[in-house]
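Subject: The structure we talked about

Hi there,

Here is the structure I promised to pass on to you. Have a look around it first, and then read my notes below.

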Amino acid sequence: MGGAYLPDLTLVLPEGILVVTAFLILMTGVFRKSTNPQVQQRFGHVALSGLIVALGALIFYHHPAERWISFEGQLLQDDFVYLGKILILSGSAAVVGISLASMLKEHLLSFEYCALILLATVGMLLMVGANDFLSLFMGLEIQSLSLYVLVALKRDQTIASEAALKYFVLGALATCFYLYGASLMYGFSGSTNFEAIATIIRMESAGNFPLSLFMSLIFIMASFSFKISAVPFHMWTPDVYQGSPTPITAFIAATPKIAAMLVFLRLMLEPFMTLYDEWQSLVAFLSLFSMVLGAFAALRQTDLKRLLAYSAIGQMGYMLLGVVAGTDEGIQAVLIYLTLYLVMIIGTFACLLCLRGKGSYGVQNIEDLAGISTLHPKVSFALAIFMFSLAGIPPLGGFFAKLYIFKAALSAGFFGLAIAGALASVVAAYYYLKIVKVMYFDDAPKVPSASYGQIVVLPLKMALILNACALVTLLFFVFPNPILEIVQRAAFTFSG
Amino acid sequence: MTLSSSQFMSMPLKGNLEEYFNIFIFMAVAFGISLFLVLLSFWRGPKRPDAEKLSAYECGFEAFSDARLKFDVRFYLVAILFIIFDLEIAFLFPWAVSLKSIGLFGFFSMLLFLGTLGIGFVYEWRKGALEWE
Amino acid sequence: MTTTTLIFYILSGVLLSSAVMVVTTKNTVYGVLFLILAFFNAAGLFILAHAEFLAMILIVVYVGAVAVLFLFVVMMVNMETKKSQRMDRRYLLMGIFVGGVLVLELVVVFMSWNTSPEAFELIFAPQDGLSNTHALGALLYTHYALIFQAAGLILLIAMIGAIILTLRQRENVLKQKIGDQLARQAKDSVQMVDISPTSSFRNLESLDDSATPRGRTSRVS
């Protein structure tokens, strides 16, 4: 380890760009000390362009079909990680794009918000690219610390503080579980590197695995089930979704879920693949309960964000169904689902964010959408598309996502789970369609509440993102190939 | 070769802690003296217990509230900023010790780290977090 | 071996009992003090395992900073012991259940513990001619550079978070402006006035107004 030591730094170029942009925003922000909304929005644009430049750097320097490893094996990039990073960067950029106007309305837009979003994105990129339990931990911490702060941004509001506290305490507990599991794994294998662990587990004779290995597997699974809010670990989700300001809910619902799901997939399929027979029943349990609870608990909700939280729990259940299958087809199905989920959820939140009530209120309850279709036909049409797609109505993207998942589960022999999933999606269709019904068939209230969505704030950026999301959802069945191709290549990293 | 828990436990702790003998003596003397002083006052001190000695002193009325007041949140802010820079210093020690063997990359690695925290420092300074009315 | 084993048992005994005291004691300030005792004993255990650097860091960071933070937090929270006791009962059973499951898992893991041979060399810090601190430094800034930088980012986020969430700009408070104070010149604030015995007081007051005391302490709005 002499003076010549230098790791391949181009691997972390996107992360580096984001960090430098965040520093730039922090420094200019703190020296300008301006509360002028124009200036604040400019920080948002700087963050947005940082994300786009990072995306460009990622695409430019990618080595297709190659395991690109740097930092002594702590970080890697293959086609799977590449897909994940593209999703995360474009998802974060889209969320910044749709949230600026709304953050401004709620008097929450500050340069710290932009910097923290960027740093959280850095954490997610590190998580997805991690090839080592240590680097995964660091990514996880950077991401979750920034998210805790973002949730608490509206610190004078009790509900936001409560949400932040719940998120923080339970998140810290999940992190403890992760550390417990990872240290048991280190005690078992003497390494924190995923490849080394995979080799050591493979060397152990099958069926004779020591108990400490299972404990470690269970603890690590529990912590990531918390992060993706799969059912026994889902309790925080509705409160955090409801309590945090809507733009930040959009962020939490979109990219961190994607990152955690990808890491879950990588952990299950790389270090723990030899233990497939052991973990598949556990993941099946998580999947079944998430699908069922996501469908039934959302029926009673009147708050839109709580409803979306339960909807997210259900969606995660479907994705886990693909993980259970564990086949190449299953992985592809999960990745397609993730991509379309990101598109649909960003589209949904874009609709909610552009509909506003009087003053600084955003729409909160389902009734706030009553009869909105006559006031804003375009926005309500887009929202209807996303709701139909999330429910899984045929020609839309969400239907195909579910179709791939069920097909993978059936061909892997999980008939019961696939049937349960199909039934759960029928139940879940009720509340998605209820939103559409409220928008199109209910009359607008005579005396609208303060949060009744009668004003539309739709700047150009937001309109662009909303249209793009709607187009992807609508036209997936016509042009599925771009997504399918990249997903196939990503899934090939595990089978190849 | 794998080791069971009983074998694991019977592994001797590696000895050779003689360098710490001075510290051990120091602590033993400190412990002894403090114990001695406490016991001395316990044995030799005059004891005339009286209920009045435990009651509130001064002008005769009972205390209105607990003597423990709520602290200001600003103390917390100062303490947490202190912890962060304390940790930064903790990272500096091994760096200083091993500077010769880690080369230029190690040197600049630390500079980058210090830069990150320097940005944080400038942020908190400009933000007025270090000011106290 | 016997001396080290004896010291090990003394340190871990005190560590465990003070850890129990941290959670059981009624007075939270005592709880923090027991926590400090626990940190000291853990530092002793690190020294036994030849991890001197960690031992010292435990004392400098945890005892020196974290315990102080805990004390502040304890002082900040309004302590009403009587109210919280009623809550305790409700959560006690649940807490015992969850804790019991975790303990059971630990015991089960420990009973069937198998250590791979590679892991065995890692129990003690390396001692091949290097000091503990040196060995750590040789790896931390090169081999683990990524993780080191990520730690820096985490500290930065913690700093930003603490400031965003707790800093309140107070208004109408007198603040020192050192720059203004130092830049103050005698000729800006002191005026020589010849007072003739015939002039009245009124004239003097108007003079005083024109020479405003700039910079000494000024109101911040």
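What percentage of the 496 residues of chain A count as buried? The answer is 60%. Please keep in mind as you read that this is a predicted model.

Let me start with the overall build of chain A. Its secondary structure consists of 19 helices and four strands. If you draw a box along the principal axes, the C-alpha atoms of chain A fill roughly 70 × 60 × 45 Å. Chain A has a radius of gyration of 22 Å, which agrees with the value near 23 Å that a compact globule of 496 residues would have.

Next, the domains of chain A. The domain assignment gives domain 1 as 9-167 + 232-267, and domain 2 as 285-496. Their C-alpha centres lie 22 Å apart. Where the two touch, domain 1 of chain A contributes 32 residues and domain 2 of chain A contributes 37 residues. On the domain 1 side, the elements giving two or more residues are α3 (79-105), α9 (236-243) and α10 (246-269) of chain A. The largest share of that side comes from α3(A), with 13 residues. Sorted by class, the domain 1 side has 17 nonpolar, 10 polar and five charged residues.

Helix α13 (residues 328-354) and helix α15 (residues 377-391) of chain A pack at an angle of about 145°, and their axes are 9 Å apart. The crossing of α13(A) and α15(A) is left-handed. From α13(A), the contact uses A:Met344, A:Gly347, A:Thr348, A:Cys351 and A:Cys354. From α15(A), the partners are A:Val379, A:Ala382, A:Leu383, A:Phe386, A:Ser389 and A:Leu390. Which classes do the residues of this contact fall into? Eight are nonpolar, three are polar and none is charged.

Now for chain B. This chain has five helices and zero strands, so its pattern along the sequence is α-α-α-α-α. Of its 133 residues, 15% count as buried. How many residues of chain A are in contact with chain B? There are nine, and they meet eight residues of chain B. The chain A side of this contact divides into seven nonpolar and two polar residues, with no charged ones.

Finally, chain C. Chain C is divided into domain 1 (1-82) and domain 2 (125-158). The centres of these two domains of chain C, taken over C-alpha atoms, are separated by 24 Å. Five residues from domain 1 of chain C and five residues from domain 2 of chain C make the contact. On the domain 1 side of chain C, three of the residues are nonpolar, one is polar and one is charged.

After that, go to α13(A) and α15(A) and look for the left-handed crossing.

Enjoy exploring, and write back with any questions!

Best wishes

Terms used
Residues numbered from 1 in each chain as written. Chains lettered and ligands numbered in written order. Predicted model: local features only at pLDDT ≥ 70, side-chain atom pairs only at ≥ 80, totals over all residues. Rg over C-alpha atoms; globule rule 2.2 N^0.38 Å. Buried ≥ 20, exposed ≤ 12 C-beta atoms within 10 Å, placed from the backbone. Axes fitted to C-alpha atoms, helices over the stretch in contact; angles between N-to-C directions. Left-handed = near helix turned anticlockwise from the far one by under 90°. Contact = placed C-beta atoms within 7 Å. Nonpolar A, V, L, I, M, F, W, Y, C, P; charged D, E, K, R; others polar. Domains from an automatic or database assignment.
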